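Please look through the sequence and the model below before reading on.

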Amino acid sequence: MEVGVAKYSGYCFGVKRALSIVEKTLDEYSRSGKGVYTLGSVIHNPGVSKKLSSMGLLSVKDPEDIKPESILIIRSHGMSPRILRYLLQKNIKIIDATCPFVKKAQAKVKKLENQGYFVLVIGNRGHPEVIGIKEQLDDRNVKVIENSIEASDLDFKKKIGVVIQTTQTADRVKSITSVLIDKCEELLICNTICDTTKKRQETAKELSKKVDVMVIVGGKNSANTTHLADISLSQNKSTYHIESFNEIDQEWFKKSDKVGISGGASTPKKDIIDIKKTIESFDS
Ligand code: F3S
């Protein structure tokens, strides 16, 4: 059995950068007695979250749970300016690990608003990155849409400006923007899908066409990993999305000569290697 790994898979630049900022901050403040917090997990990967928590990182869901005068690291997904203001009032030191690609999308929406566009953010409305982008603007000037049905329900606008969640698939964006053409006089699309995401999606798509079974590795709550699994499934019905090698079922590979593996931007390389080794061991 041949087991191949997609050329672009595993940690992206933004995740590596955020993790290095977290480790450096924990190291710097470990003896200060001040808590080091994140709002939600640093990355959507349960194994990594567990490791960071054992190193002393406090991950909380509610900004009210962050103690005054402690340290808060903004995750790679970014943060809403409303929450940031609240934390600064509590004298919390902010360390910003927002991915530069997310920063770019945040800057784009502000520019569009200043230029008089009604701003649409294409993405998952519950995702922290999307919330952080949307909340850069006055609520009256921005809306999040998830699909073409929501796009067709929009009222007509003179000028619509579009910004895209960095991890969306190009196909979903195309299906939405084709509807938007009839919803305004002027449509300006800023393609803020990050390059890393594009490469991961393209290589996973190509590999899934060539293999009998495709395995996508990464958190089930990770937007970019879920998109990879959807893309792979559209090309290959024998696609399995797993978080660790414990979920692998030998039965999946019984009639397979070729297996492909890809991992999301928040998947450690080690997880991908462990899974590759486990699958290869079925062949011996
Ligand atoms: Fe940044 Fe793209 Fe990764 S937006 S966090 S480089 S998936």
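Predicted model: local features only at pLDDT ≥ 70, side-chain atom pairs only at ≥ 80, totals over all residues.

Residues are numbered from 1 along each chain as its sequence is written, and side-chain values use heavy atoms, with hydrogens and water left out.

## The two sheets

Helices (H or I, at least four residues) and strands (E, at least two) are DSSP runs, numbered from the N terminus. Two strands pair if DSSP finds at least two bridges between them. Strands of a sheet pair through backbone hydrogen bonds, either parallel or antiparallel.

Angles are taken between N-to-C directions and run from 0 to 180 degrees, with axes as lines fitted to C-alpha atoms, for helices over the stretch in contact. Inside this sheet, β2 (residues 36–39) and β4 (residues 71–74) are joined in the parallel sense by two bridges, and Val36 stands opposite Ile71 in β4.

An open sheet with the order β1-β12-β10-β11 also has four strands and parallel pairing. Here β1 (2–5) and β11 (239–242) are at the edges, each with a single partner strand, so one side of each is without a neighbour in the sheet. The twist averages 20° from one strand to the next. Five bridges join β10 (residues 213–217) and β12 (residues 258–263) in the parallel sense; the bridge partner of Met214 in β12 is Gly260.

## Helices on the sheets

Contact means heavy atoms within 4.5 Å.

| Helix | Strands | Angle |
|---|---|---|
| α10 (residues 269–281) | β1, β10, β11 and β12 | about 165° with β12 |

Which residues of α3 are buried? They are Pro81, Ile83 and Leu87; buried means under 20% relative accessible area, exposed over 50%, and partly exposed in between (1.4 Å probe, protein chains only). These residues cover an arc of only 155° around the axis, which puts them on the same side of α3. The arc is that of the directions from the helix axis to the C-beta atoms. On the other side of α3, Arg85 and Gln89 are exposed. The buried residues of α3 pack against β2, β4, β5 and α5 (128–134). Just after α3, Asn91 has a positive phi of about 60°.

## Buried cores

A nonpolar core is a set of buried Ala, Val, Leu, Ile, Met, Phe, Trp, Tyr and Cys residues joined through side-chain atoms within 4.5 Å. The largest such core has 19 residues, and those touching the most other members are Leu19, Val22, Val36, Val42, Leu52, Leu57 and Ile73. Two or more residues come from each of α1, α2 (46–54) and β4, and α1 gives the most, with seven residues. Apart from this core lies another, of 14 residues, including Leu120 and Val162.

Leu19 lies in helix α1 and is buried, with a relative accessible area of 8%. Not counting residues up to four places away in sequence, Leu19 touches Tyr11, Val42, Ile43, Val48 and Leu52.

Ser76 is in the loop between β4 and α3. This residue is buried at a relative accessible area of 9%.

## Aromatic rings

Rings of Phe, Tyr and Trp (its six-membered ring) pair if their centres lie within 6.5 Å; planes under 30 degrees apart count as stacked, over 60 as edge-to-face and the rest as tilted. The whole structure has four aromatic pairs. Tyr240 and Trp252 form a stacked pair, with 3.9 Å centre to centre and 5° between the planes. Tyr240 is in strand β11 and Trp252 in the loop between β11 and β12, so the pair ties together parts 12 residues apart in sequence. Ring pairs link Tyr240, Trp252, Phe253 and Phe282 into a cluster.
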